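Me: I would like to go through this structure piece by piece, with the cut-off behind each term stated once. Could you take my questions in turn and end each reply on what I asked for?

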Amino acid sequence: MTDYPIFEHDVIVIGAGGAGLRAAIEASANGVSVGLICKSLLGKAHTVMAEGGMAAAMGNVDDRDNWKVHFSDTMRGGQYVNNWRMAELHAKEAPDRVRELEAWGAVFDRTKDGKILQRNFGGHRYPRLAHVGDRTGLELIRTLQDHGVHQGIEVYMEVTVVSLLKDGGRVIGCLAYEREHGRFRVFKCKALVLATGGIGRAYKITSNSWEGTGDGHALAYDAGAELIDMEFIQFHPTGMVWPPSVRGILVTEGVRGEGGILKNNEGRRFMFDDIPDNYKNQTASDPEEGWRYVQGDKNANRPPELLTRDHVARCINREVKAGRGSPHGGVYLDIAWIKEKLPNSVEHIKKKLPSMYHQFMQLANLDITTTPMEVGPTTHYVMGGVRVDADTQESSVPGLFAAGECAAGINGANRLGGNSLSDLIVFGKRAGEYAAKFAQENQAGTINKDEVAAKAKAALQPFEREGGENPYAIQHDLQELMQANVGIVRTQDEMVEALNGLDLLRNRSAKTFVPGNIDFNPGWHTALDLHNLLIVAEAITLSAIERQESRGGHFRDDFPEKDPAFAKFNFAVKKTEDGAMSVSRIPIPEMPDELKQVIEEMG
Amino acid sequence: MARATFSIRRGGRETAELVDYQTDVTEGMVVLDAVHQIQAESAPDLACRWNCKAGKCGSCSAEINGMPRLMCMTRLDTIDLTQKVTIEPMRAFPPVKDLITDVSWNYEVKKRIKKFKPRKPDAEDGTWRIQQEDVDRVQEFRKCIECYLCQDVCHVLRDHAKHQEFIGPRFLVYSAALEMHPLDTEDRTGDLKDLFGIGYCNITKCCTKVCPEHITITDNAIIPLKERVVDEHYDPIGKLVKLFRKEKG
């Protein structure tokens, strides 16, 4: 048996996006030794793609804003199946976390009186998103990265975790390999934080990078943790649809926040056609009022383009299916029209949406200051993830914590734009703090060398099967299967078909073959990722079959209405003794009276 | 459907060769798409870095027909496809495998630059007041996606390998972002002069030309930094005057 080198830290954090970096910084600030593992180079995580901003009720632009409004907006957006305690903590703590970033060097856009500027976004009643043009995620990750490197955090770049390691019931480390030479490494710790992001690569059309393969979801599941809310997938309404090779790349909601409107091929502004009842009294009655809102008129209601993402995505889907779409199967998103309202619109658009201008110019050869964009829904975010305690972010497995997109609870059935970046820093900090506390209160466990050897051997299998399956082909088929059968609009029959398809893919994935040597071999990495994607895909499908209603990011054609009975619990999946996936209902605890009162007050 | 030939560096740290691959080209494709197609069709072990595929993470830097570019932002219809298209790794860093280079030096350099040190908060609630016009310049620098193409093209690093004495355009921009940050109180001019080799830059502006974020590296970052270094370290009278002004202000 090979002895793999062991790296030991009090706390190991897996994932170096916003949540992972924030967790590592906090744990380190609490005086423990921290190792931060990331699949890519530091500073490249998917957080850099976040464009619009981070939601925090600082009230810099509209002083009517406060944590109570933010809390009730988040709960309404999540259709009340959120973990209300997480939504409360998030709304209360986000402002301090944003200000802290400024103290660490972040340079936000400013108000006229020199404060951090905040912008409008879908589902937020007041301008709430602290931002830097349309590259807020980059600002966040760079600020944390540059702050973190001076704190003595040990960073392990281009290292991929294969499995968590346990001692008894507790997580005490993980087995990983470094990508350059494929060499295995054992990381030993007293507490471990998962901050691995999303699962977008389970779908064909996605805004996610190759890294979004649900690693943390699968690692936690295999270690015995529960995943909740997996049926709730956010399809962002506006991804690029042309050219084909960039299909899915995100077009920030900030375009609509700055006045962009959605039109079908008849030139009709179709978002006015269908406004959900629970948003009627918050939505503009005509285009004029909508424009006044984006210009900061406090007496105006928001335009229907800024309704929640699940709703906007379905409206776009409806227009395309009805034959009213654009030539490449999307609809039109028009920001150029504001030239009717603003004399300097070209400069204004370039200043407010520089990355979007750049992205369309370069990739689609299209000038957004003069021409409408073609956009359509793209898999963007998973509301579901590891079930955690709201205050500590600890999972049901001792020593295992999770934060950011791979954790669940705050968003319920649908996440509001801007609540992700703030989620990362609020709960990243909490996860780091409580993981450090756990590490200080517990001793290191014992690594089971036989378990390590067996897991390493299994990971090397794809090199040994001459003439097996091409892992890229299996990944491709899985993405097609999920896109076609468990997408924006779902039915029982299609999802059962997906489950059958997943069985076949699981069999194929056990026979993958990769040629070449082990050094930086992307074929091998793809083969190993399949395990994670298959778990995630099954979890989504099983949970979606169980939820026989439509709510937020989960829409059933066979159950198109919301059913109050389903508001009382979340679905959880868990690995059973025999290795199969089970689904159960977890009742949502009664909300305390003071929070109920907040929701009533806010209307 | 058109087919094109891509000549891609294959090999490890020591030895390598250019290998030709053919693949189909469809409308709107970028170089990274071609590399991915080749991986899926004929070279599953072809190594390249990439993440966002939208020009925001700066992972897929390479030299395409000899030009430092992001593979994800280089459209095939901007390249002559009747000729072989060469794709090679950045040359200013040691090769690791295929298109991947060892960029760890950059991370080490960054650690050596003194961190952000803000002045005391302006308001009682611990926050600051800053005007937008005072951060416009710094925001330009902070657009940097750390693709290191500027480092790759800089002749001080690329041709003369002065990695030990010179931090390169990326970290001059980084230093400028800190030095010109309206809240920052640290002084890095001594380090820039003595440790970071700012004098090596002779303003050929190659870095500015390749920057995918269109940061005016030389004019807006490096030249003003050079002036600060001169003011602080080679102009004793000016320094006295400034000191006097600071005390008054």
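Me: Is C38(A) buried or exposed?

Reply: The relative accessible area of C38(A) is 6%. Buried means under 20% on this scale, exposed over 50% and partly exposed in between, with a 1.4 Å probe and protein chains only. C38(A) therefore counts as buried.

Me: Which pLDDT must side-chain atom pairs have in order to count?

Reply: Residues are numbered from 1 along each chain as its sequence is written, chains are lettered from A and ligands numbered from 1 in the order in which they are written, and side-chain values use heavy atoms, with hydrogens and water left out. This is a predicted model, in which totals for chains, interfaces and linings use all residues, local features need pLDDT of at least 70, and side-chain atom pairs count only at pLDDT 80 or more.

Me: How many disulfides does a search of the whole structure find?

Reply: A disulfide is taken as a pair of cysteine sulfur atoms within 2.5 Å. For C38(A), the nearest cysteine sulfur is that of C174(A), 13 Å away, and C38(A) is in no disulfide. Over all chains, the number of disulfides found is zero.

Me: How far from C211(B) is the nearest cysteine sulfur?

Reply: C211(B) is a buried cysteine, with a relative accessible area of 11%. It is in no disulfide, and the nearest cysteine sulfur, which belongs to C147(B), lies at 6.5 Å.

Me: Which residue joins its side chain to that of R556(A) in a polar contact?

Reply: R556(A) lies in strand β21 (residues 555–556) of chain A, where strands (E, at least two residues) and helices (H or I, at least four) are DSSP runs numbered from the N terminus, and its relative accessible area is 0%, so it is buried. A polar contact is a pair of N or O atoms within 3.5 Å; within protein, one must be able to donate a hydrogen and the other to accept it, and residues adjacent in sequence count only if both atoms are side-chain atoms. The side chain of R556(A) reaches the backbone oxygen of A544(A) at 2.9 Å. Its side-chain partner, also at 2.9 Å, is D558(A).

Me: Which residues of domain 2 of chain A lose the most area to domain 3 of chain A?

Reply: Chain A is divided into domain 1 (6–232 + 383–441), domain 2 (235–379) and domain 3 (461–572), with bounds that come from an automatic or database domain assignment. The C-alpha centres of domains 2 and 3 of chain A lie 30 Å apart, and their contact (heavy atoms within 4.5 Å) takes six residues from domain 2 and nine residues from domain 3. Buried area is the accessible area (1.4 Å probe) that two parts lose on being put together, summed over both; here it is about 620 Å², 66% of it from carbon and sulfur atoms. On the domain 2 side, 69% of what is buried comes from F235(A), D310(A) and R314(A).

Me: How far apart in space are N301(A) and L481(A), C-alpha to C-alpha?

Reply: N301(A) sits in the loop between α7 (287–294) and α8 (309–321) of chain A, and it is partly exposed because its relative accessibility is 27%. Its contacts beyond four places in sequence include N281(A), E289(A) and Y293(A). L481(A) is 180 residues away from N301(A) in sequence, and the separation in space is 40 Å.

Me: Which residue of β5(B) does I64(B) stand opposite?

Reply: Strand β5 (residues 85–88) of chain B has both faces covered, with V85(B) and I87(B) buried on one side and T86(B) and E88(B) buried on the other. Strands pair if DSSP finds at least two bridges between them; strand β1 (residues 2–11) of chain B runs parallel to β5(B) over three bridges, with F6(B) opposite V85(B). Strand β3 (residues 61–64) of chain B pairs with β5(B) in the antiparallel sense over two bridges. In that pairing, the residue opposite I64(B) is I87(B).

Me: What share of the residues of chain B count as buried?

Reply: Chain B has 10 helices and seven strands, and its C-alpha trace spans about 70 × 40 × 25 Å along the principal axes. Of its contacts with a separation of 6 or more, 61% join residues 24 or more positions apart. Among its 249 residues, the buried share is 57%.
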